[in-house]
Amino acid sequence: MPHILGLDASTQSFSALVIDTDSGAVVADASVNFGQRLPQYQSPSGFLPNGANGEVHTDPLMWLDALELLLDDLRARCDLSQIAAISGAGQQHGSVYLNDKWPACIGELDANGKLSDQIAPCLARSTSPIWMDTATGEECHEIAESVGGNAEVCAKSGSVTIERFTGPQIRRFFKTSPADYAATASIHLVSSFVCSVLCGEDAPLDTGDGAGMNLLNVESWQWDDDLLDATAPGLRNRLPSVVPGAKQAGVVSTFFVEKFGFRVGTPVTVFTGDNPSSLVGMGASQPGKVVVSLGTSDTFFAAMPGIVTDPDGCGHVFGNPLGGPMSLQCFVNGSLAREEVKNRFGLDWSDFTAALKSTPAGNDGNVMLPFFRPEISPRLDLEAPVLSGAEGFMDWRDPRAAVRACVEGQFMNMKLRSAWMRLAPDVIYLTGGASQNDAIAQVAADIFQTRIERLTVSGSVAMGAAMRAANGCLGIEIAELEAAFCQPEAGSEIQPQTLAGSYDEALEQFAQLLRRQN
């Protein structure tokens with residue numbers, strides 16, 4: 001019975017999942033919350049609070065301590081010597097800066113000591129900027145200007161220059177701490193940093209995580225010389241190599257064999273980013289399936305049949321860990337916008353659901369741009385929604401129409417903003433808290449005219465890592481793994497109502513409202 005380990009180094013916790021590929025079962029799981037288990041790092045939400053000028057950093061030693069705690073917890077629940085393959089994922093865009101002691105250090109780790117104590121002398125920078133850091137606006141402008149504008153950056157890297165992406169973060173480090181940059185021999189992402197420690201040797205990056213840096217060319221899937229030169233001098237020699245997501249990175253190191261009981265020679269598939277890993281863990285690694293996550297922010301991502309980039313610069317192209325490209329688009333006004341409408345009228349969620357069920361598709365011409373805070377898809381600096389329709393609706397005196405307008409507006413915006421991906425989905429997998437609401441799911445099905453399914457997958461990032469390890473190291477077909485671990489919830493399917501043309505006018509009205517804001 002092959003047991004496979006998937007790891008997930010996320011923003012607030014480090015988690016693990018062990019699957020049995022014969023029985024199709026999850027045999028063990030564990031999670032270490034950084035704030036609760038490692039209070040000495042003073043990072044209650046997984047990062048150091050009160051950063052200046054938009055800086056959001058984390059102490060990378062915290063991730064190492066969490067990994068050891070996690071494996072201690074996990075070996076109390078299963079026999080780690082039965083693990084036949086390992087892979088993992090890390091929060092995208094975070095970077096770790098290491099000096100020339102790094103390669104020798106990880107190759108000679110002492111199982112009698114702590115990882116953090118042994119690796120601390122390898123850090124050329126004591127903290128790691130993560131995906132929440134927005135301190136690099138000036139650097140984004142400089143990189144874009146150097147290569148001929150953001151359209152050129154997007155064509156090359158799959159995204160315009162983004163403040164939280166790794167390239168601008170590296171440039172800011174080079175500018176503000178030139179001596180420390182000069183002392184930096186290696187720059188890893190969270191994923192490749194943890195993978196390197198696990199293997200005891202410098203691990204490569206995969207195309208999924210590497211594409212979230214504004215440095216990788218999404219046509220060649222290799223570092224782009226123009227982007228490297230625009231970011232910092234000598235950068236190519238400081239970066240790992242880039243490989244496909246199915247590539248084996250190495251085998252588990254002696255440290256983990258001796259300290260935690262892993263089997264000698266256990267293969268490790270290259271790690272990836274959390275979003276690409278979730279694509280696999282949701283069973284959507286092949287074109288034709290779209291994942292929509294309804295959370296604090298809503299996210300739309302999918303495997304792409306070919307490479308296209310967003311002409312508006314709002315969406316992203318990453319590597320699909322199982323080959324080819326994937327797209328991703330984030331919408332800031334997600335669950336918080338739905339809650340704002342609910343709370344404005346003093347409703348509970350049952351009232352919110354009843355409002356959706358009692359109002360017609362198209363909402364009798366009442367349309368809302370449901371942006372209660374600045375949005376990134378599209379880029380609009382609004383602080384309140386924009387309404388168009390009946391007088392009572394526009395005066396916020398019609399709670400039922402406001403509820404439907406909010407939800408319809410979110411999915412109409414999602415449909416318009418994702419058109420650049422040129423997808424024709426057969427199914428949309430809905431996940432996240434609001435996905436369990438049948439009335440919200442019905443609106444999504446009707447606007448996209450696509451069936452909705454909700455999967456039983458929990459922990460899709462770690463699940464995707466385990467599935468990739470089983471596929472990459474043991475050769476188990478991904479379709480077989482999806483059939484075992486990515487099944488829809490019983491009775492969860494939502495079919496679109498036959499509403500041909502019902503949303504045409506609403507979509508055009510919504511698009512006109514958007515154009516008026518520019």
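## Surroundings of Leu 215

In this predicted model, Leu 215 is in contact (heavy atoms within 4.5 Å) with Ser 157, Gly 167, Ile 170, Trp 223, Asp 224, Leu 227, Leu 228, Thr 231, Leu 235 and Leu 239, once its neighbours within four places in sequence are left aside. Residues are numbered from 1 along each chain as its sequence is written, and side-chain values rest on heavy atoms, without hydrogens or water. Local features need pLDDT of at least 70 and side-chain atom pairs pLDDT 80 or more, whereas totals for chains, interfaces and linings use all residues.

## Nonpolar cores

A nonpolar core is a set of buried (under 20% relative accessible area, 1.4 Å probe, protein chains only) Ala, Val, Leu, Ile, Met, Phe, Trp, Tyr and Cys residues joined through side-chain atoms within 4.5 Å. In the largest one, of 118 residues, Leu 215, Trp 223 and Phe 411 touch the most other members. Helix α17 (residues 399-417) gives the most to this core, with 9 residues; helices (H or I, at least four residues) and strands (E, at least two) are DSSP runs, numbered from the N terminus. Another core, of 58 residues, lies apart from it and includes Leu 70, Leu 74, Ile 106 and Val 252.

An open sheet with mixed pairing (at least two DSSP bridges between two strands) is formed by 6 strands in the order β18-β19-β17-β16-β24-β25. Its edge strands, each pairing on one side only, are β18 (316-319) and β25 (451-454). β18 pairs with β19 (residues 325-331) in the antiparallel sense over 4 bridges, and Val 317 has Ser 327 of β19 as its bridge partner.

Terms used. Buried means under 20% relative accessible area, exposed over 50%, partly exposed in between (1.4 Å probe, protein chains only).
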